[in-house]
Amino acid sequence: NAIVFIWLITNLSFVTNKITMAGITTNKKFLRQASLRRPPVEKGRWASKGTKPLPEQATIKNIICVMIIHICRKVLFIETRVKITLYSLSLFFGSLVFDFLPMPRTYLSYKDNAFNLYFVKIGWAWLLSVVGSFVYLTSATYGCGKTAIIQQHMARLVVGTLVWGLLTQWLFASIESATGTCLGKSIIPDKWTCITSGFQWHAFDISGHAFILVYMNLVTVEEAQAIVGWETIREMLFHEEHRRKSDSPAGAATGGYYSNAGAGSSSAPAPTGGSSSSTASGTSYDSYAGSGSYSASNNGTDTWSSSTAYSSCNSTLNQDAHEEKKDTVALRSLSNSDFFIFKSNYEDYTPYIRALFICMTCLSIACDVLLACTIMYFHTMPQKVVGGFLGIAAWYFTYKVLFRGQWPGLPGEGGLVRYHPLREKLRETHVCRKKSTVITKDNQAVPMFMGMPMYGAVKKEDSRAGKETAGGGG
């Protein structure tokens with residue numbers, strides 16, 4: 001028994017060792033085959049495929065800044081037509097009321113108050129300092145530091161200064177001198193001699209307060225349009241920087257893309273828009289874009305007609321989508337040196353641009369408040385109406401007529417980087433989206449659900465009407 005027991009233990013250990021060795025050999029063969037089936041590691045420009053980094057997490061400070069800028073945009077970017085309408089009504093009816101019903105005297109009713117002396121009297125200097133700094137920093141950013149582009153956008157303020165000086169220093173003074181008389185001594189022909197002699201000059205004095213406050217406010221609103229789309233530049237820079245690092249072999253090797261700065265530009269073809277159509281039950285929904293009538297496959301009898309032709313609206317929407325896709329590749333046409341300058345200026349100037357935009361909002365609010373004080377306390381109704389009208393006319397001539405051409409252009413346009421959306425196209429797109437197509441079946445409107453016609457509802461209504469008719473006839 002002892003001999004048999006020893007023999008069994010010896011053979012059992014031998015079998016166990018054999019099984020263990022066989023398992024190790026099988027695992028080695030499997031691992032070797034798996035390693036042979038593993039795809040090769042990609043190197044070069046395609047090594048970063050599928051490894052697009054995520055943007056940095058927004059900080060609390062950045063979120064608060066964006067919230068403040070959003071509130072300022074809501075205050076400053078009131079529709080210009082609404083502002084002009086309010087100014088016109090206030091200058092006419094408000095001045096007319098306060099001419100017959102004088103307001104009680106307050107600190108703001110005196111001409112020597114601090115707001116009148118240090119804001120309105122030198123109002124254009126405030127505008128040049130605040131708005132001029134804003135225009136310089138924004139144009140230096142999207143113009144990639146090009147002096148010609150900066151001068152081109154600063155030229156708008158130069159033209160505005162010439163218009164302001166021409167109207168206030170020449171036109172207003174000429175009208176006052178031509179329409180005035182010296183009270184107490186009519187033989188004195190000019191205003192200066194009359195005042196220095198101790199008399200009072202009575203003339204049609206166009207309200208310079210109404211003119212400067214209205215004109216300053218409208219110019220501030222126009223120049224502030226450069227901040228529209230400004231926050232999207234950060235994302236554009238992030239994606240373009242990653243693309244340049246991935247596409248450049250030298251950049252992929254060194255971790256940067258500035259080794260060949262100024263060597264040229266990298267361009268990419270603009271994406272082309274396309275159209276897609278979906279069909280259900282043999283009905284093509286793309287046919288809604290057309291006009292005319294359509295015969296559906298419901299027993300060959302149902303017809304519908306569209307009262308609104310969507311072809312022009314769809315073309316506008318497709319064009320806007322195409323422009324939006326072009327904006328995503330707007331940075332690809334920049335050389336590496338221009339891209340580096342653009343990125344550096346954006347990161348360095350954006351905090352100052354935000355602060356100046358807040359100051360511009362405060363400037364606009366101050367203009368509105370002091371215009372209300374002018375309506376209540378200073379000048380007569382005709383003088384204020386003429387002053388406000390000239391301010392609106394000066395703004396319209398410069399920003400709606402003169403600056404619409406190639407030079408000097410509107411704020412946010414004409415730079416090396418296109419980030420500023422076209423306001424007119426956005427407005428047209430919004431109007432097109434608000435339109436609705438009315439589909440009729442047998443001269444009866446078909447209800448819509450999520451853009452699709454509900455023919456079943458029309459059938460139920462037809463059957464119900466048929467039953468009511470049959471019941472009435474019985």
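This is a predicted model: local features need pLDDT of at least 70, side-chain atom pairs count only at pLDDT 80 or more; totals for chains, interfaces and linings use all residues.
## Aromatic pairs

A pair of aromatic rings is described by the distance of the centres and the angle of the planes. A search of the whole structure finds twelve such pairs. In one of them, Trp-124 and Trp-164 are stacked, with 5.9 Å from centre to centre and 5° between the planes. Trp-124 belongs to helix 5 (residues 123–142) and Trp-164 to helix 6 (residues 147–179), so this pair ties together parts that are 40 residues apart in sequence.

Trp-124 also pairs with Tyr-215. Their ring centres are 5.5 Å apart and their planes lie at 5°, so this pair is stacked, since planes under 30 degrees apart count as stacked. The pair links distant parts of the chain, as Trp-124 is in helix 5 and Tyr-215 is in helix 8 (residues 208–223), 91 residues apart.

## Burial and the ring cluster

How accessible are these rings' residues? Trp-124 is buried, at a relative accessible area of 5%. Tyr-215 is buried too, with a value of 1%.

Which residues do ring pairs link into a cluster with Trp-124? The cluster consists of Trp-124, Trp-164, Phe-172, Phe-211 and Tyr-215.

## Charges over rings

Two arginines are placed over ring faces. Arg-105 lies over the face of Tyr-110, at 5.2 Å from the ring centre. Arg-244 lies over the face of Phe-339, and here the distance to the ring centre is 4.6 Å.

## Helix 3 and helix 13

Two packed helices are described by the angle between their axes and the distance between the axes. For helix 3 (residues 80–100) and helix 13 (residues 381–401), the axes come within 8 Å and cross at roughly 170°. Angles over 145 degrees count as roughly antiparallel, and therefore helix 3 is roughly antiparallel to helix 13.

On the side of helix 3, the contact is made by Thr-80, Ile-84, Ser-88, Leu-91, Phe-92, Ser-95, Leu-96 and Asp-99. Helix 13 contributes Met-381, Lys-384, Val-385, Gly-388, Ile-392 and Trp-395. Sorted by class, the contact has eight nonpolar, four polar and two charged residues.

Definitions and conventions: Residues are numbered from 1 along each chain as its sequence is written. Side-chain values use heavy atoms; hydrogens and water are left out. Rings of Phe, Tyr and Trp (its six-membered ring) pair if their centres lie within 6.5 Å; planes under 30 degrees apart count as stacked, over 60 as edge-to-face and the rest as tilted. Helices (H or I, at least four residues) and strands (E, at least two) are DSSP runs, numbered from the N terminus. Buried means under 20% relative accessible area, exposed over 50%, partly exposed in between (1.4 Å probe, protein chains only). A charge sits over a ring if NZ of Lys or CZ of Arg is within 6 Å of the ring centre and within 35 degrees of the ring normal. Axes are lines fitted to C-alpha atoms, for helices over the stretch in contact, and angles run from 0 to 180 degrees between N-to-C directions. Angles under 35 degrees count as roughly parallel, over 145 as roughly antiparallel, 65 to 115 as roughly perpendicular and the rest as oblique. Contact means heavy atoms within 4.5 Å. Ala, Val, Leu, Ile, Met, Phe, Trp, Tyr, Cys and Pro count as nonpolar, Asp, Glu, Lys and Arg as charged, and the others, Gly among them, as polar.
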